[in-house]
Amino acid sequence: MVPVCPTDALPPGEAIRVTADVPAPVAVFNVDGEFYAIDDTCTHQDASLADGWLEGCAVECPLHASCFDLRTGMPSGPPAKTPVRTHAVTVVDGVVHLQVGVAAEGAA
Amino acid sequence: MTATVAVVGASLAGLSAARALRAQSYDGRVVVIGDEAHAPYDRPPLSKEFLAGTYTWEDLALGTAADEALDLDWRLGTAAVGLDRGSRAVRLADGSEVRADGVVLATGARARRLPGTEGLAGVHVLRSLDDAVALRADLLAGGHLVVIGAGFIGAEVASTARGLGLDVTVVETQPVPLAGPLGARMGAVCAELHADHGTRLLCGTGVARLVGTGRVEAVELADGRRLPADVVVVGIGAVPNVEWLADSGVTLQGGVLTDARCATDVPGVVAVGDCASSWSPDAGRAVRVEHWTHALEQPTTAVATLLGTDTGTRPAVPYFWSEQYGHRIQFAGTRGDGDDVRVVEGSCADRSFLAVYERDGRPVAVLGVDQPRLFTRWRRQLRSAEPALP
């Protein structure tokens, strides 16, 4: 497991980009107290989804407005056609941890 | 008889309309008519990744596996040539016709050409996949490229061609490029990207003629200068594909005239995307918008109008982007010439900044260069300030 940050460093509505100790950048989101993690790079073009706009359980890519469901990684419409991978997130002793390569529950 | 909706145009707006019909529970027959033989594809990469050779045809495809469930009746490679307003029959170039209960006009626009350049090899426009394939083949031979017009297409082609190693000159009639979409001050800032990357930009000069027999050899400017050219790209805007509607009774006014909900003055006929000139409450007049996101989003409203459903959609804030020389340029909102422009983050000199356009102290538009995170927040803020459609 990769430690990300203390839970209070990632308030609701915010995202953080993780690049250390992961094979490819991962974006971790706080949606009303629930944490979600997906691949940070949009499957359409090279853009950081952690820079995107969070609305409910979806993030909108900051460049071309592809929306991805944080729970499943699925895109909701063009231009993206391919899902992003999801990663399991756990909170241990107040610290957000990432299980890279372990798909989140309910993911496609 | 089963009900039918004919979608005329098979690019982003047409495909989005077909998807919107099914998303809004229309279960009749949906016929999608397109003049190009290709399945729907994405055009923005044609001047960038596809032209550079980093994208393949598969990367451009807009369709996905999920579209098969839409059960669409495709008529590709056949242009629509007429519409009968009484029977709502769409006549096709092959002599057949599609009778429909509802029609979505989504025929887009085509690149404006320079008169008198027909048949001269080496002279290109860029709008379609076939255009891009032909231009790429010519660019790979190297040499001198002259781009006529320093708008977004011209600037993106110049950027890609520099990346391919060509010597590039951009010629612009106006004193400042992009003054229309970005305003003179920010247009000048973005135009500096050309010089940063070794592209010559000549402003305030028109083109007198293209020189060459059989194949272009040079571009002669209005001031007498002669620029050697192995390849010429003409990027001087687009014209809506609406001539086929001349006898249809649909009102044409710089595009198919529609109200804010995409309805034309012919019952059962709506228009979307680049071919539509739609009433804009913001502008107080009908405007034809050529943005990608507009073609993606507007069909939801048009289909709701056609089906008599109410989606309660908010009008989207106009948004477009460009990518030049590795920089990401994003713009959202509706700008006017009297607006104050304020750089609120970064600096123009660093080629990384966010500029806000203000009118009466209220933000009306935002421009970002390499500021996607901040830009997205501003774009969202502009969107939430929009009133819902009446």
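In the predicted model, helices H1(B) and H8(B) cross in a right-handed sense. Helix H1 spans residues 12-23 of chain B and helix H8 spans residues 292-307 of chain B. Two packed helices are described by the angle between their axes and the distance between the axes. For this pair the angle is about 35°, and the axes lie 8 Å apart. On the side of H1(B), the contact is made by B:Leu12, B:Ala13, B:Ser16, B:Ala17, B:Ala20 and B:Leu21. Their partners in H8(B) are B:Trp292, B:Ala295, B:Leu296, B:Gln298, B:Pro299, B:Thr300, B:Ala302 and B:Val303. Sorted by class, the contact between H1(B) and H8(B) comprises 11 nonpolar and 3 polar residues, with no charged residues.

Chain B is assigned three domains.

B:Val269 belongs to strand S19, residues 269-271 of chain B. This residue counts as buried because 26 other C-beta atoms lie within 10 Å, and the cut-off for a buried residue is 20 or more. When residues up to four places away in sequence are left out, B:Val269 touches B:Arg88, B:Val103, B:Leu105, B:Val250 and B:Thr264. B:Val269 and B:Arg85 are 184 residues apart along the chain, and their C-alpha atoms are separated by 8.6 Å.

In chain A, A:Arg17 is placed in strand S2, residues 15-18. A:Arg17 has 14 C-beta neighbours inside 10 Å and therefore counts as partly exposed, a class that lies between the limits of 12 or fewer for exposed and 20 or more for buried. Not counting residues up to four places away in sequence, A:Arg17 touches A:Pro25, A:Ala27, A:Asp40, A:Ser48 and A:Ala50. The C-alpha atoms of A:Arg17 and A:Pro83 are separated by 18 Å, and these two residues are 66 places apart along the chain.

Backbone angles were also examined. Most residues other than glycine have a negative phi. A:Ala65 is a residue other than glycine with a positive phi, near 70°. A:Ala65 is found in the loop of chain A that runs between strand S6 (58-60) and strand S7 (67-69). A:Ala65 counts as buried because it has 23 C-beta neighbours inside 10 Å. In chain B, B:Arg351 is not a glycine either, and its phi is positive at about 60°. The loop holding B:Arg351 lies between strand S24 (340-347) and strand S25 (352-359) of chain B. With 17 C-beta neighbours inside 10 Å, B:Arg351 counts as partly exposed.

An unreviewed UniProt entry gives the annotation "domain: Rieske" for residues 2-98 of chain A. In the model, this span of chain A is 42% strand and 0% helix. The C-alpha atoms at the ends of residues 2-98 of chain A lie 5 Å apart.

The two chains are in contact with each other, with 10 residues taking part from chain A and 12 residues from chain B. On the side of chain A that touches chain B, 7 residues are nonpolar, 1 is polar and 2 are charged.

How values were computed:
Residues are numbered from 1 along each chain as its sequence is written. Chains are lettered from A and ligands numbered from 1 in the order in which they are written. This is a predicted model: local features need pLDDT of at least 70, side-chain atom pairs count only at pLDDT 80 or more; totals for chains, interfaces and linings use all residues. Two residues are in contact if their C-beta atoms, placed from the backbone, lie within 7 Å. Ala, Val, Leu, Ile, Met, Phe, Trp, Tyr, Cys and Pro count as nonpolar, Asp, Glu, Lys and Arg as charged, and the others, Gly among them, as polar. Domain bounds come from an automatic or database domain assignment. Helices (H or I, at least four residues) and strands (E, at least two) are DSSP runs, numbered from the N terminus. UniProt positions are given in the numbering used here, feature names are shortened, and annotations may be inferred rather than shown by experiment. Axes are lines fitted to C-alpha atoms, for helices over the stretch in contact, and angles run from 0 to 180 degrees between N-to-C directions. A crossing is left-handed if the near helix is turned anticlockwise from the far one by less than a right angle, and right-handed if clockwise.
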